[in-house]
Number of protein chains: 2
Amino acid sequence: MTLTLADFTFTCEGTCPHTQARAGYFVTPHGGIPTPCFMPVGTLANVKTLTPAQLKETGAHIILSNTYHLHLQPGEDIIQAAGGLHRFMGWSGPILTDSGGFQVFSLSAIRQINEEGVTFRSPLDGRIIHFTPELSIQIQNALGADVIMAFDECPPYPASPEEVEAAVRRTTQWLKRCVEAHRRSDQALFGIVQGGVYPELRRRAVEEVCRLDLPGYAIGGVSVGEPVEFMHAVVRQTAPLLPADRPRYLMGVGTYAEMRAAVAAGVDLFDCVIPTRYARHGTVISRGKRWNIKNAEHRRSLDPIDPDCPCYTCRHFSRAYLCHLIRAQEILGYTLLSIHNITELMRYTQKMRQAILEGQFHEHWDPWS
Amino acid sequence: MTLTLADFTFTCEGTCPHTQARAGYFVTPHGGIPTPCFMPVGTLANVKTLTPAQLKETGAHIILSNTYHLHLQPGEDIIQAAGGLHRFMGWSGPILTDSGGFQVFSLSAIRQINEEGVTFRSPLDGRIIHFTPELSIQIQNALGADVIMAFDECPPYPASPEEVEAAVRRTTQWLKRCVEAHRRSDQALFGIVQGGVYPELRRRAVEEVCRLDLPGYAIGGVSVGEPVEFMHAVVRQTAPLLPADRPRYLMGVGTYAEMRAAVAAGVDLFDCVIPTRYARHGTVISRGKRWNIKNAEHRRSLDPIDPDCPCYTCRHFSRAYLCHLIRAQEILGYTLLSIHNITELMRYTQKMRQAILEGQFHEHWDPWS
């Protein structure tokens, strides 16, 4: 079917004279997203430990939720009956849902993969599930996110050129079926570029995916265990090949250095579970570094994590208090660190945006130097 | 030492024509408390899963924190250095700390009890701790709560009259040492009445405790496993014996029926862990009943827990969403149910207050009938 893309305009508001970086603005039915932008992950229709009110205060513009997990529980029928994912979870801003591809391949006891799709056992109740491009899109149409992702095959690392080539071929075929299955003009379907660490396969994947003229494109198959230099090389090569007038999304990446390098290559969107996962282990992300609040040096510190951080946690609590909460395994500690860590990554990507607009961004840009 | 009690005025604003109930107002250095009032429990310097901002929104006036737990971690020295418990945990309203007596007797591997105090092993690191009335008050002076509690001996149920009599005698002696040890005029020291289920021992305990002319009195040794009728009988007998011009606090009680009966007997303050503990099991307190949000009937319900409840949870989320979160063991579910459950008990006690002031309160009062 043909979809009107009027609601998903991507405007480039500024480009970097030194790199491929750009500052953009991506319009969706639930609001605009200034890019570069980090997207917090809300796997099970919530960003772990945070209310939507707290999430909004972190500066989050758009969040990601997981089709695979929501299909298993509570099921997309319940979410659809509740008026869609936005209303169900009380988040009125933009949402992106992944396709489930990554989780099907990485989390499931797979029984069979063929051209049709993937058959696996639900880890929750053992029932057999047959995941196909059509089912993924059908679920995502029911969930109602602003951006939905194509169902792809994400090979692990390492994988041989033959294996990766097969995954690229299958991903392209599945993408066509996703486009066919897609039924809602208020959702933008993004294609995903696979190709592993092989430049020629990445190039071919870009060509095949872009032939479908989609409202946005993602670079998948990175951050799957490959050495970080390989990831940088893939992103540096792949991002510039994607159309300049569409948002580019690097999947599963959310560390300072990797986001900066990717922005320099022309990437606009990121997602990663680390700010909330780190929080649950007491790990703080701050000013370009990460460290653990449980360390003895913080036991008596009356300083906030970062005196320059405007988040609720830094405005109200000392390191000593946070150290106590995390050492005592109090849930509030996870909440407060999640608030800080997400705020930090939101600010980092928005600072990059500002630097690009001001012509100050470059390969070694560092807002704290 | 002599303490000025000017900061701890208790004013009776209205009495019930049908029962012993009264509507009061208790002044503390960190704010006034309209009574009857439920106090949420913040054992480890936080009410589990809630930020102070969320807690305030529940309508909480005063919270309780645990001396025993805070002594073990992070230690009162750290909290004192941070400016006291209020500043440490970011709660600017009134706080009450218990004495640690209940926890020492119920949670510890006790090695020795004698007139001097209790010797036990820390469950955290195995070190030997010698808890005395003096140490309890010293810790509570360091924590800096508005109301502090005497260190008492709380016998289990069942206990023989001889055992309970010994506990009453020891509690009285320890209370005198607590009064001697107390060093801060900005903290009100409450005495605790023990006496088990034995009316004569309760009467004697009241007499002995009240001889010390304290700014408030608590009924302890209830809700320790005795049949509920025994608890009601103890409260009905004991509360009216306590001075009418001081607040009366029933320790560890927080269910609808028990609070109503206690208010009818003239009790003003309550604390209980159930609203937050229930939340972690998916149990909802609402309109005089309790039920579990995980039940199948809620899976697809688009209703809030209670359409009349003004809490953040009821204003924003359906039962279906809460059911999903709790079934998926998402922490946010515990937070959202804690917000509702605490709000519910705050509203229940404040509704009793209103009913007393309006002459509508009675033994079988029910705001939902």
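Reply: What follows takes the domains of chain A, then the relation between the chains. The model is predicted: local features need pLDDT of at least 70, side-chain atom pairs count only at pLDDT 80 or more, and totals for chains, interfaces and linings use all residues. Residues are numbered from 1 along each chain as its sequence is written, while chains are lettered from A and ligands numbered from 1 in the order in which they are written.

Me: Which domains does the assignment give for chain A?

Reply: Domain bounds come from an automatic or database domain assignment. For chain A it gives domain 1 (19-272) and domain 2 (274-355). Their centres, taken over C-alpha atoms, are 27 Å apart. The contact (C-beta atoms, placed from the backbone, within 7 Å) takes 24 residues from domain 1 of chain A and 21 residues from domain 2 of chain A.

Me: Which element gives the most to the side of domain 1 of chain A that touches domain 2 of chain A?

Reply: Helices (H or I, at least four residues) and strands (E, at least two) are DSSP runs, numbered from the N terminus. On that side of domain 1 of chain A, H10(A) gives the most, with four residues.

Me: How are two copies of a chain related?

Reply: By a rotation about an axis and a shift along it.

Terms used:
Two residues are in contact if their C-beta atoms, placed from the backbone, lie within 7 Å.
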